[in-house]
Amino acid sequence: MAEYTFREVIAQAMSEEMRKDQSIYLMGEEVAEYNGAYKASKGMLDEFGPKRVIDTPIAELGFSGIAVGSAMNGNRPIVEFMTFNFSLVGIDQIINNAAKIRQMSGGQWNCPIVFRGPTASAGQLGATHSQALESWYANCPGLKVVVPSNPYDAKGLLKTAIQDNDPVIFMESEQMYGDKMEIPEEEYYIPLGKADIKKEGKDVTLVSFGKIMKLAIQAAEDLEKEGISVEVIDLRTVRPLDYDTILNSVKKTNRLVILEEAWPFGSVSSEITYMVQQKAFDYLDAPIKRITTPDAPAPYSSALFAEWFPKLDKVKEELKKAMYIKA
């Protein structure tokens, strides 16, 4: 075991897979000469050269289309977006081509491609750079959507995503690139579509994913001191979504709270809520609670942003409400 940062394991995962398969290449803004906007491709240009680590113009629609076309012709591109907010410029290629070409071609073409980069908020970057778009992409059949919460998961999930024969949306966080964790020296993979129980509990289930998992784990640890046992589930993959792990947990705890950094309407928590009431209604001893950002763009002001972003006290309060304990 050795300690590595989130950005280092992203580079490791890409490099390990590129060494095995000459058809894999990385393209995006500043991924080569600058070692990546967040230094998540540091050293890769030196090892693989400019034909496999490619700097692009600021033209997401253009280089997303190039990647889709090359994937249809036998390559396995990794496309880095400086932020998934910028992916909206190229979303036509992702939704209308990458996600649909396998079905529309009757299986003649696969589209093995990874679109990766940071999602959601990262401080005072303004509303247009602070959007959690997981549910947008998860809404589209044909796409897989991965949102890791820590470096260990990120490396194993990214390696699996690169080997997948379908398009994968791999969402990171600018605020996690410096996070450190002990990583095994031996190679490992984590399957897509399998949630992870980060903490076992018996009183209430708390489901989350991505960087806000830190808040979920902290809330569970705090409530443990008050005698409340919280089971914490990290989705890891938003699509395909591991319903079974959630349902089994709810059948044990009889209560569910969902924590998500996104707008409430049409969110991942909305889908989970529907599925649980559909398949485990008789096990629920309390209404399902969800915690999201307000239904408004992220504010720039640090004071307003602090009010907009879900708080630790709010998470603990909703967990207690699910148990009919006065907060």
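Which side chains does a polar contact of 2.8 Å join? The side chains are those of Thr205 and Thr253, a polar contact being a pair of N or O atoms within 3.5 Å; within protein, one must be able to donate a hydrogen and the other to accept it, and residues adjacent in sequence count only if both atoms are side-chain atoms.

## Basis of the description

This is a predicted model, in which local features need pLDDT of at least 70 and side-chain atom pairs count only at pLDDT 80 or more, while totals for chains, interfaces and linings use all residues. Residues are numbered from 1 along each chain as its sequence is written, and side-chain values use heavy atoms, with hydrogens and water left out.

Helices (H or I, at least four residues) and strands (E, at least two) are DSSP runs, numbered from the N terminus.

Strand β5 is mostly covered, with 5 of its 5 residues buried; buried means under 20% relative accessible area, exposed over 50%, and partly exposed in between (1.4 Å probe, protein chains only). β4 and β5 run parallel and are joined by 3 bridges, and Val79 has Phe115 in β5 as its bridge partner. β5 also pairs with β7 in the parallel sense, over 5 bridges; here the bridge partner of Val114 is Val168 in β7. The pairing of β6 with strand β7 (residues 168-172) is likewise in the parallel sense, over 3 bridges, and Val145 stands opposite Ile169 in β7.

Axes are lines fitted to C-alpha atoms, for helices over the stretch in contact, and angles run from 0 to 180 degrees between N-to-C directions.

Helix α3 (residues 60-72) packs with helix α4 (residues 91-98) at an angle of about 25°, their axes being 8 Å apart. The two helices are therefore roughly parallel to each other, the term for angles under 35 degrees, whereas those over 145 count as roughly antiparallel, 65 to 115 as roughly perpendicular and the rest as oblique. Leu61, Ser64, Gly65 and Val68 of α3 make the contact with Asp92, Gln93, Asn97 and Ala98 of α4, where contact means heavy atoms within 4.5 Å. The buried residues of α4 are Gln93, Ile94, Ile95 and Ala98; these pack against α3, α5 (101-104), β5, α6 (134-138) and β7.

## The five-stranded sheet

A second open sheet, of 5 strands, has the order β9-β11-β10-β13-β14, with mixed pairing. Its edge strands are β9 (196-199) and β14, each pairing on one side only, and the twist averages 25° from one strand to the next. β10 and β11 run parallel, joined by 5 bridges, and Ser208 stands opposite Asp234 in β11.

Helix α8 lies across β9, β10, β11 and β13 and runs at about 165° to β11. Helix α9 (residues 243-253) packs on the sheet, touching β9, β10, β11 and β13, and its direction makes about 175° with that of β11. In helix α12 (residues 312-322), the buried residues are Val315, Lys316, Glu318, Leu319, Lys320 and Ala322. They pack against β10, α8 (213-224), β11 (230-234), β13 (256-259) and β14 (289-291). Tyr324, whose phi is positive, near 60°, follows α12.

Thr205 is found in strand β10 (residues 204-208) and is buried, with a relative accessible area of 0%. Not counting residues up to four places away in sequence, Thr205 touches Glu231, Ile233, Ser249, Val250, Thr253, Arg255, Leu256 and Val257. From C-alpha to C-alpha, Thr205 and Ile169 are 27 Å apart in space, and they are 36 residues apart in sequence.

Asn150 lies in the loop between β6 (144-146) and α7 (151-163). Asn150 counts as buried because its relative accessibility is 11%. A polar atom of the Asn150 side chain lies 2.8 Å from the backbone nitrogen of Asp153. Asn150 also touches Phe6, Met176, Met181, Lys198 and Asp234, not counting residues up to four places away in sequence.

Notes
Two strands pair if DSSP finds at least two bridges between them.
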